Amino acid sequence: MNPTNYLVLSAILFSIGAAGVLVRRNAIVVFMCVELMLNASNLAFVTFARTNGTLDGQVVAFFVMVVAAAEVVIGLAIIVTIFRTRNSASVDEPNLLKL
Amino acid sequence: MNNTLAVLASGEASPGEVVQATGTFALIVALIAIPAAGAVLLLLAGRRANRWGHLLGTAIVLAAFAVACVLFVALLAQPEDARTINQYLWDWIDVGTFQAPFALQLDPLSMVFVLLITGVGSLIHIYSISYMEHDPERRKFFAYLNLFIAAMLLLVLANNYLLLYVGWEGVGLASYLLIGFWFHKPSAATAAKKAFVVNRVGDFGLSLAIMMMFATLGTFTFEGVNATVGQADSTMVTWIGLALLLAACGKSAQFPLQSWLLDAMEGPTPVSALIHAATMVTAGVYLIVRSAEIFNLSETARLAVVIVGTITLLMGAVIGSAKDDIKKGLAGSTMSQIGYMFLAAGLGPVGYVFAIFHLLTHGIFKALLFLSAGSVMHGMDDEVNMRHYGALRKAMMVTWAVFGIGYLSIIGVPPFAGFWSKDEIIHAAWAEHPIAGFAALVGAGVTAFYMTRMMAMTFYGKARWDDGVHPHESPAVMTIPMIILALGSAVAGYLMLYTANIEEWLAPVTGYEEVDGIATPVMIAMTLTVVVVGVVIGWRQYAMREVPRVAPTQVSALTVAARHDLYGDAVNEALFMRPGQHLTRTLVWTDNKIVDGAVNGTAAGIGGLSARMRRWQTGYVRSYALTMLLGVVVLGAVLALGVLL
C-alpha cells in the first residue's frame, strides 16, 4: 500500500476545505469546511505515523480531534448567538470591527 | 578646616603675617551681618515698618560705621606687618581640592573701603530720609540700600575671589533694584535691565578669571593666588588679568561696557550718589588693585588697563561736556574719574596707591556733587535739565556753597581733595606712559570745562525756571550730610596724603614705588594751567553769555556725538543687538521649520501610512482567511525553496 495515495487524498480534502472556507458565505458550511481541513491534516498525520513506524502522528491526531470537538462547541455557540441577534448566518454580515 | 587655615596662613609671598581674628577683630563679620539683618528685617516686616523703617535703616548703617571705626582703631594699633586679619567663619564649599572657605579678610585696603562705604553710606542714608520723604515705598528703599551696603561690604571683605563674586553679584542686584526703584516709569525699568545685562558681560569675565585661577593655580584665595601666581605660566596670567579687566570694566562702566551708567541715573539721586558714584562703580578699581600680584606679572594686562582707563577718561569727560541733564553730566564725570583710577591702577606699583587714593577722594566729592544735584532737583520740582536752572545761588545758598566745594575739589584746585589725588595720577602717568599722561592732562582741562559749565548753568546767569517753580533750600536733614561731605572734600585729600600717609598705609597690600618723573612743582603748574584754561572757556561760554532754554541744534559734530553718549548705544546695537536679533530669528525659524518640521513630518507620515493600512481591515472574515492562506502558501514556498536549494 502506497502512502502517497493517502497523502494525495489528504491534500485534496484540505484543498476542498480551504476553498470552501474562502468561497462559501454560510457560517455553518464554512465551519464544516474547517472540519474537513482538520480531518485532512489528521489523515496526513496518521499516514506519516504509519510511514515512520512511530506513534507520534497518531497521538497528534487524537489531540486534533479533541481540539476540533471543543472548537465545534464554541463555534456553534457563536454562530447560534449571531443568528439570534442578526437573523442571518452569513459570515459577511458581522463586520462591525471594521473602522 | 585646619588644612584650609594652614594654607591660608602659609602664603609665603603675602605681605606680612596673616593674623587670625580674635578680640576686637571678631567684629568683622558684624560689619556684614548688621546691614544684612537690617535688609531682611525691613523687607519681611512689610508695611508695618513704614513708620520707622527709614530710621532703622539709617541706624543700622550708622552702627556698621561705628563698628568700622572700632576696627580701624584696632587695626591702627596692630604692628605694620600684621595688619592682614583673617576671620574664618565656615567651610562654604569643600569638594576634594576645590575649597572655598567662607572667610573674611580685613587689611588696610579693605579698611579704607569699609570706612568709605559705611561713612558715605551713613550720610546718604540720612539724606535719603528727607529726600524720599514723600515716596510711599520709602521703607523698601532703605531695605535695598541696606542690602547694598551688606553686599558691598562682603565684596571688599571677602578673602577669596569666589566670595568676592557673591558680593559682586549682590551689589549688582541692589543696583538693579534701586535703578528700577521707580519701575512704573518705563525708562527706569529699561535702565535697570540694561545695567543688569551689561554687568552680566563683566561678570562673565570674573567667573572666567576665577575658573582660570583654579585651573592654573589650584586656589582662588587672595593669599593663595598671591603666593603661587609667580610660578604660573605667564600667558595664563595675562589671560587671567584680561578677564579680571573685563569684569572691572562691566562693574565700573569703563569702555567698552560703559553704556549702562548714564541710563542708571534713572534711579533716585541718593542711589546715584552712593552706588553709581561713590562705591559700587569703583569696585572694578578695587578688583584690579586687589589682584595687584597678577597685574604686576603681566605687562600686557597692565597696558590694557591703561588703555581702557585713558579712553574712558576722555570719553566720560566729552560726554559730560554735552549733557544738559545734571545727573547725566555727573555720570559722565564719574566715568571719566574712574578712568583716571584705571589709568593709575594700570601703571602698576607706582599707581595702585593713587588709584585707591583718588577713589576715596572721588567717593567723597562725587557723592557730595550728586547729593547737591539732588538738593537742586528737590527745590526745582524734580527738574533735571540744567537749561531750566540758572541763578540758583541766591535761592539755595547752602547747596551752592557745598556744590562749589565739590566743584573746586573735582577740577583739582589746591588744597581741595581732588587736587592731591588727580595730580598724583597725572604725575605718575606722565612718567610711565607719556601718551596716557597727556590724555590725563587734557582730561583735567575738559573736567574743568564741564564742571564750570555745570556750575554756571545751575547757579549763575539768569533764571530760566519753568513757570510755577519756586526754588527753595532743602531741609537740614539733607544739608547737614552735604556739609559734612563738603568738609571731607575740602580737607580729606591733604589729610590722607600728608597726615595719614596713605602710601605707607596701603603699601603692605598693594606695594608702592616712588615715581621719578617731572619735578612736582612743574607738574602742578602744568595741571593748574590746563584747569584754568578749562574754567575760563566754560565760564565765558556759559556764565557770560545767555544760555538758551532749548538746546541749540546747530552744534559741532563732537557735541552731537557726545549728546548721543558717543554712540555707545548705537555701536552696541549694531554690533550685538541686531546680529543677536537676526541670530534668534534664524534660530526660531530653524526650530519651527526644520526641527519641528522633522518631528511633525514624521508624525504626519506615520498618520498617513496608518490611514492607508487601516483599509486592509475590511471586516470580512473570508478576506482574512484568504490573507492567512496566502501567508501559509508563501511560508510553504520559502520552506520548500530552502529544502530544494
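## Ground rules

Because the model is predicted, local features need pLDDT of at least 70 and side-chain atom pairs count only at pLDDT 80 or more, while totals for chains, interfaces and linings use all residues. Residues are numbered from 1 along each chain as its sequence is written, with chains lettered from A and ligands numbered from 1 in the order written.

## Helix α2 of chain A

Helices here are DSSP runs of H or I with at least four residues, numbered from the N terminus. In chain A, α2 covers residues 27-52, 26 residues in total, and reaches 38 Å from first C-alpha to last, close to the expected 38 Å at 1.5 Å a residue (that is 1.5 Å times one less than the number of residues). Just after α2(A), A:Gly53 has a positive phi of about 75°.

Which residues of α2(A) are buried? Among them are A:Phe31, A:Cys33, A:Asn42 and A:Phe45 (buried means 20 or more other C-beta atoms within 10 Å of a residue's own, with C-beta atoms placed from the backbone). Their cover includes α1 (3-23) and α3 (56-86) of chain A.

## A helix pair in chain B

Over in chain B, α2 (28-45) and α3 (53-77) pack at about 175°, axes 9 Å apart. The axes are lines fitted to C-alpha atoms over the stretch in contact, and angles run from 0 to 180 degrees between N-to-C directions. That makes α2(B) roughly antiparallel to α3(B) (an angle over 145 degrees).

## Where the chains meet

Nine residues of chain A are in contact with 10 of chain B (C-beta atoms, placed from the backbone, within 7 Å).

Technical notes:
Helix = DSSP H or I, 4+ residues; strand = E, 2+ residues; numbered from the N terminus. Parallel < 35°, antiparallel > 145°, perpendicular 65-115°, else oblique. Contact = placed C-beta atoms within 7 Å. Buried ≥ 20, exposed ≤ 12 C-beta atoms within 10 Å, placed from the backbone.
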